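Trainee: I would like to go through the labels used for this model and ask what each one rests on.
Mentor: Ask, and I will set each value against its definition.

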Amino acid sequence: MTNLLNLKNDDGEIHLNDERMILTSSSIFGTLRKDLIENIGFERMKSFLIRYGWNIGVNDAKKALKGNMSTVKEILRQGPILHMLQGYTKVNTMNLKLSMDSKAEVHSVKVEGVWVNSYEAEEHITQTGIAEKPVCYTLTGYASGYYSTVCGHEVIFKESACKGAGQSECRYEGKSKHLWGMEIQDELKYYKTDPIVQELAVTYEKLLEERNSLSKVMDIHNLLTEELINGRSLQSIVRMVYQKTKIPLLMENFNGNQVYHAGFHKGKVREVRNQLKLERENGPSLETGRIVKDGMELLYTPITLQNKTYGYCAFVQSDRVEGKTNLEIERMILERVSMTVSLFFLNEKSSFEALERVKGLFLEQILNGEFATREEIIKKSMYLDASLDHPYTIAVLGYRFSSDRGTENDYFIQQKIIEEIYGFFKKRNQVVLTALRDGNIVLLTPLSPGNEFQFLTKECINHLHTVFSGYNFKMGLSTICDELERAHDVFQEALTALNMNEGTRDITKFEEVDLLSILMHTGSTPAVLQKAEKMLGPLLLKEDPKMNELLKTLYVFLQCGGNLECSMKKLNISMSGLRYRIKRLEELLSCQIRNPKIAFQLYASFETLLKAKMITIG
């Protein structure tokens with residue numbers, strides 16, 4: 001080893017293996033390494049150092065091949081010696097296997113070992129700290145270049161552990177390229193990096209292409225803004241984007257079940273919608289997605305408003321030609337289209353809410369009797385596109401949700417329900433004024449001849465049950481009236497019908513509510529209940545079975561209108577037994593229960609307490 005090193009002190013030269021060398025500090029190399037990272041980036045620095053080491057290794061291998069060593073193994077062992085003499089590292093080769101072919105040439109090589117005291121690992125830690133991955137790039141490049149030159153084919157080295165990455169030692173493995181397979185693919189790019197000037201030229205071309213693409217995106221963005229400001233329709237927006245991009249575009253609105261499209265062949269729209277439907281069944285997405293299926297590529301992005309997905313915008317391509325289109329640019333354009341449509345929906349929503357607030361205030365004024373004449377109401381209704389020049393009816397909608405849903409903003413829920421009601425009746429060309437009163441939603445609608453409003457209210461409640469899962473909706477419906485000045489009384493009819501709903505039906509009509517129920521709703525309910533309890537008196541002693549028997553007997557007798565035979569059959573007792581019970585009842589109640597006036601009051605007492613669920617008849 002020392003024979004290879006020649007110091008010519010008088011001439012100021014150092015020769016190693018008959019080649020002049022220069023002596024410098026390893027810290028200078030560490031500084032160079034740090035500067036390369038800062039100026040050209042980590043990846044290019046890695047490539048630079050690997051190729052730097054490769055060239056040194058190739059140069060040393062060429063000299064070794066000119067020596068007097070007889071075997072390939074001897075020549076390969078010369079490399080670590082030269083490496084150590086130059087101060088890079090101490091090399092401990094653990095395992096070296098060569099495979100020769102029939103021509104005595106190297107077919108494959110495998111080698112493992114340890115680099116001890118690697119200058120490169122030490123300097124990397126000093127300059128930049130512990131790395132995430134191995135950092136001995138010049139050593140790796142040197143070994144790869146040296147072995148490849150000696151063996152006559154590509155041999156690639158790779159660190160499996162490195163002190164620069166926090167491990168205890170620097171371990172390496174080298175193999176012929178064909179033995180590595182796909183495992184080494186990511187490393188090969190560092191050996192064949194294009195010159196910086198060439199890379200800059202390619203980068204410039206890419207930047208120019210990106211600039212032109214972004215310019216196209218901005219042009220479409222400006223046109224979308226212009227379309228929105230000018231109040232264009234969604235179909236106009238979709239058509240404009242297709243004309244600019246030449247890519248078929250579809251926009252679907254879930255709420256209105258509306259579809260706008262441009263650039264599609266007949267029948268293709270349904271296929272695209274089915275594909276989007278399948279995607280939606282997995283849960284509405286809030287991110288841009290891509291589907292490639294059956295020769296069709298579908299790039300879609302959601303239309304969102306207040307974290308709710310209202311629909312999708314989708315570009316559809318078939319047989320994409322690489323280089324002709326830019327997927328990222330298409331995504332940017334599509335997301336801008338989606339944003340524009342979201343703003344369109346937001347504007348519609350704001351307009352709807354503003355109009356509904358005005359309509360709600362108008363209905364409040366009607367219910368409060370703030371208009372002097374019917375003509376004044378009709379005149380003002382014309383301005384709201386809600387003519388009331390017809391007989392009308394009022395419905396009061398009550399709702400509640402199950403306790404396991406947690407607390408929700410009641411006003412927000414009310415607004416969503418009103419929005420659904422408005423959309424439901426709008427599709428059916430039915431004018432409806434809505435307002436909030438005492439936690440309920442009030443609906444006033446004019447009825448033209450042949451109007452099926454009562455049927456539509458049932459459909460509306462079914463629709464609300466579907467949209468608002470877990471909510472319970474009940475409705476009270478008034479009679480039909482043509483006197484707008486009586487709107488408050490008509491509203492009271494609907495409210496009474498709602499309050500008298502015992503939970504068995506979704507809709508209760510005012511005509512179906514009996515007189516006693518109305519009395520309880522509009523009169524003094526506590527007084528009515530008190531009177532009813534007093535009338536039945538001792539019969540309400542629930543702990544006495546005999547009293548319960550007499551209570552049922554009296555109720556059946558009153559239901560039968562005082563007819564003894566009817567009562568006997570329903571109670572399944574003898575005539576003598578019935579007569580005994582009637583006599584006993586008259587004694588307990590101190591009245592003649594066959595007297596029509598008394599019988600009516602007793603029966604009314606029964607119905608009152610039954611409706612209040614204060615008694616039950618077995």
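**Labels and cut-offs**

Trainee: Why is Glu587 called partly exposed?
Mentor: The relative accessible area of Glu587 is 47%. Buried means under 20%, exposed over 50%, and partly exposed in between, with a 1.4 Å probe and protein chains only as cover. Glu587 is therefore partly exposed. This is a predicted model, in which local features need pLDDT of at least 70 and side-chain atom pairs count only at pLDDT 80 or more, while totals for chains, interfaces and linings use all residues. Residues are numbered from 1 along each chain as its sequence is written, and side-chain values use heavy atoms, without hydrogens and water.

Trainee: What makes the pair of Glu587 and Arg584 a salt bridge?
Mentor: Their N to O distance is 3.5 Å. The rule asks for a side-chain nitrogen of Lys or Arg within 4 Å of a carboxyl oxygen of Asp or Glu, so the pair qualifies. Both residues lie in helix α20 (residues 575–589), 3 residues apart, about one turn of the helix. Helices here are DSSP runs of H or I with at least four residues, strands are runs of E with at least two, and both are numbered from the N terminus. Arg584 is partly exposed, at 31%.

Trainee: How many salt bridges does the rule give?
Mentor: The count comes to 19. One of them joins Arg33 and Glu120, with the closest N and O atoms 2.7 Å apart. This pair links distant parts of the chain, Arg33 being in helix α1 and Glu120 in helix α4, 87 residues apart.

Trainee: Are Arg33 and Glu120 buried or exposed?
Mentor: Arg33 has a relative accessible area of 2% and is therefore buried. Glu120 is at 0%, so Glu120 is buried as well.

Trainee: Which other residues of helix α4 are buried, and what do they pack against?
Mentor: Besides Glu120, the buried residues of α4 (residues 119–128) are Tyr119, Ala121, Glu123 and His124. The buried residues of α4 pack against α1, α2 (42–65), α5 (137–151) and β7 (170–176). After α4 comes Gly129, with a positive phi near 90°.

Trainee: How do you know whether Arg290 and Glu297 fall in one burial class?
Mentor: Their side chains meet in a salt bridge at 2.7 Å, N to O. Arg290 has 46% relative accessibility and so counts as partly exposed, whereas Glu297 is at 7% and is therefore buried.

Trainee: Why is Thr457 called buried?
Mentor: Thr457 has 1% relative accessibility, so the label is buried. Thr457 is found in helix α14 (residues 453–467). Leaving aside neighbours within four places in sequence, Thr457 is in contact (heavy atoms within 4.5 Å) with Met475 and Ile507.

Trainee: Which residues form the nonpolar surface patch that includes Ile40?
Mentor: Ile40, Phe48 and Tyr52 form this patch, with about 240 Å² of accessible area together. Patch residues have over 30% relative accessible area and no salt bridge; nonpolar side chains (Val, Leu, Ile, Met, Phe, Trp, Tyr) are joined within 5 Å, and like charges within 9 Å. Areas come from the Shrake-Rupley method with a 1.4 Å probe, and for residues only the protein chains shown count as cover.
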